[in-house]
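The following note sets out numbered points on the structure shown below. Each point treats one region or one set of contacts.

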Amino acid sequence: MIFVTVGHQTPFDRLIRAMDDWAASTGERDIFAQVGRSDIRPRSFPAMQFLSPDEFDRRMREAKAIVGHAGTGTIIAALTLGKPLLVMPRLSSKGETRNDHQVPTAAYFSSQGYVLAASDEKELGPRMAELLAYRPQKTLPDSASPQLIARLRSFIFDELRAGGGS
Amino acid sequence: MSASQSRKNRKILAVSSGGGHWVELMRLRPAFDGADVAYVTVNAEYRRDVPGCRFHVINDATRWNKFAVLLMAARILFILLRERPDVVITTGAAPGHFALRFGKWVRARTIWLDSIANVDELSMSGRITGRFADLWLTQWEHLAKAGEQGSGEAAGPGQRRPEYAGAVL
């Protein structure tokens, strides 16, 4: 199954429509999409607005590939499972987010070999062909970097309250 | 009090909104080992991620809905007064803002970890709230001021920049 997910904030119909077009043109039917608060009804595959965390995890684990917005929740979840992931960034100009933070996120994670990225719906089809043969060059362990954990532990457990009033 | 005793007694309140903010917070858990941790977030279903920990659910709010924002702020203040944490840690966004500002009132030390999603610039909530944190962290080296500690005050509060100390990756 190819699992498509757009997170739980605003809809991302541009991605769902592009996947629907790709599915129609290739005949791929083993797709399931989580589409957020949207009335969109893809022709080629089933979709649900929201999934419980358990259901989301199950879909992620069972997927052979994942297509999503460039949110860090989606990226981290896919990479801890070592799954091939294609991201397309939401754009503020299309009303899909407040700002364009997903553009550099997609650029960073794709440049580092973690994910594939499609900058828009026109690029999605060609990247889908790559995704089915893609294996991420890097995956993620279950927790943050040892450097960050150590810094937090030292602040939490070792540093004394500074002065008081400040 | 011995070091191991004080370590056991450390109370942490870990706060985040949903989605990526919560996923990033979950990746910090090894830093809390040995402390008494309570969580605050916006989705009751996340409880399954932190079995055995106290867990508080608050409403979600964007800054456009004033009533929801006030309700969120009131709930966070109530939770802080009940929990009385030694340390408040947050990955954002709106719940983290209130937890961090009100955390000072209960004399907690505070940590703001800006989300890794903010590659080009600090998050808006991070720019507003981070400078009030005792430990202000960015996950991007280029967003930290070279050579300056996030908990330092050398440049004065107005020019404070976050510290870089690794990422959730």
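1. In this predicted model, Thr5(A) has Gly68(A) as its bridge partner in strand E4 of chain A. Strand E4 comprises residues 65-69 and runs parallel to strand E1(A), to which it is joined by four bridges. E1(A) also pairs with strand E2 (residues 31-34) of chain A, again in the parallel sense and over four bridges. On that side, Ile31(A) of E2(A) is the bridge partner of Ile2(A).

2. Is strand E1(A) covered on its faces or open? Both faces are covered: Ile2(A) and Val4(A) are buried on one side, and Phe3(A) and Thr5(A) are buried on the other. Thr5(A) therefore falls under 20% relative accessible area, the limit for a buried residue.

3. Along the sequence, the pattern of chain A reads β-α-β-β-α-β-α-β-α-β-α-α, with six helices and six strands in its secondary structure.

4. Some overall values for chain A follow. The chain has 166 residues, of which 52% count as buried. Its C-alpha trace spans about 65 × 30 × 30 Å along the principal axes. Of the contacts in chain A with a separation of 6 or more, 55% are between residues 24 or more positions apart. Chain A exposes about 7700 Å², and carbon and sulfur atoms supply 49% of this area.

5. Which backbone atoms does the side chain of Gln102(A) reach? Gln102(A) belongs to helix H4 (residues 102-111) of chain A. Its side chain reaches the backbone nitrogen of Ala70(A) at 3.0 Å, and a polar atom of the side chain lies 2.9 Å from the backbone nitrogen of Arg90(A). With a relative accessible area of 3%, Gln102(A) is buried. Apart from residues up to four places away in sequence, Gln102(A) touches His69(A), Ala70(A), Gly71(A), Met88(A), Pro89(A) and Arg90(A).

6. Leu140(A) is located in the loop between helix H5 (121-131) and helix H6 (146-158) of chain A. Because its relative accessibility is 8%, Leu140(A) counts as buried. Beyond its neighbours within four places in sequence, Leu140(A) is in contact with Ile76(A), Leu79(A), Thr80(A) and Tyr114(A), and also with Arg27(B) and Leu169(B). The C-alpha atom of Leu140(A) is separated by 8.9 Å from that of Ala78(A), although these residues are 62 residues apart along the chain.

7. In chain B, seven strands form an open sheet with parallel pairing, in the order E3-E2-E1-E4-E5-E6-E7. The edge strands, each pairing on one side only, are strand E3 (54-57) and strand E7 (163-164) of chain B. Strand E2 (residues 36-41) of chain B runs parallel to E3(B), with four bridges joining them. Within this pairing, Tyr39(B) stands opposite Phe55(B).

8. Helix H4 (residues 94-103) of chain B is mostly covered, with eight of its 10 residues buried. Among the buried residues of H4(B) are Pro95(B), His97(B), Phe98(B), Leu100(B) and Phe102(B). The buried residues of H4(B) pack against strand E1 (11-15), helix H3 (66-83), strand E4 (87-90), strand E5 (109-113) and helix H5 (124-129) of chain B.

9. The count of aromatic pairs over all chains comes to 10. Trp22(B) and Tyr39(B) form an edge-to-face pair, at 5.8 Å centre to centre and with 70° between the planes. This pair links distant parts of the chain, since Trp22(B) is in helix H2 (residues 20-26) of chain B and Tyr39(B) is in strand E2 of chain B, 17 residues apart. Both Trp22(B) and Tyr39(B) are buried.

10. Phe102(B) and Trp105(B) form a tilted aromatic pair, at 4.7 Å centre to centre and with 35° between the planes.

Notes. Residues numbered from 1 in each chain as written. Chains lettered and ligands numbered in written order. Predicted model: local features only at pLDDT ≥ 70, side-chain atom pairs only at ≥ 80, totals over all residues. Heavy atoms only, no water. Buried < 20%, exposed > 50% of the residue type's maximum accessible area, 1.4 Å probe, protein only. Helix = DSSP H or I, 4+ residues; strand = E, 2+ residues; numbered from the N terminus. Pairing = 2+ DSSP bridges. Polar contact = N/O pair within 3.5 Å; in protein donor to acceptor, adjacent residues only side chain to side chain. Contact = heavy atoms within 4.5 Å. Areas by Shrake-Rupley, 256 points an atom, 1.4 Å probe, with all protein chains shown as cover. Phe/Tyr/Trp six-rings, centres within 6.5 Å; stacked < 30°, edge-to-face > 60°.
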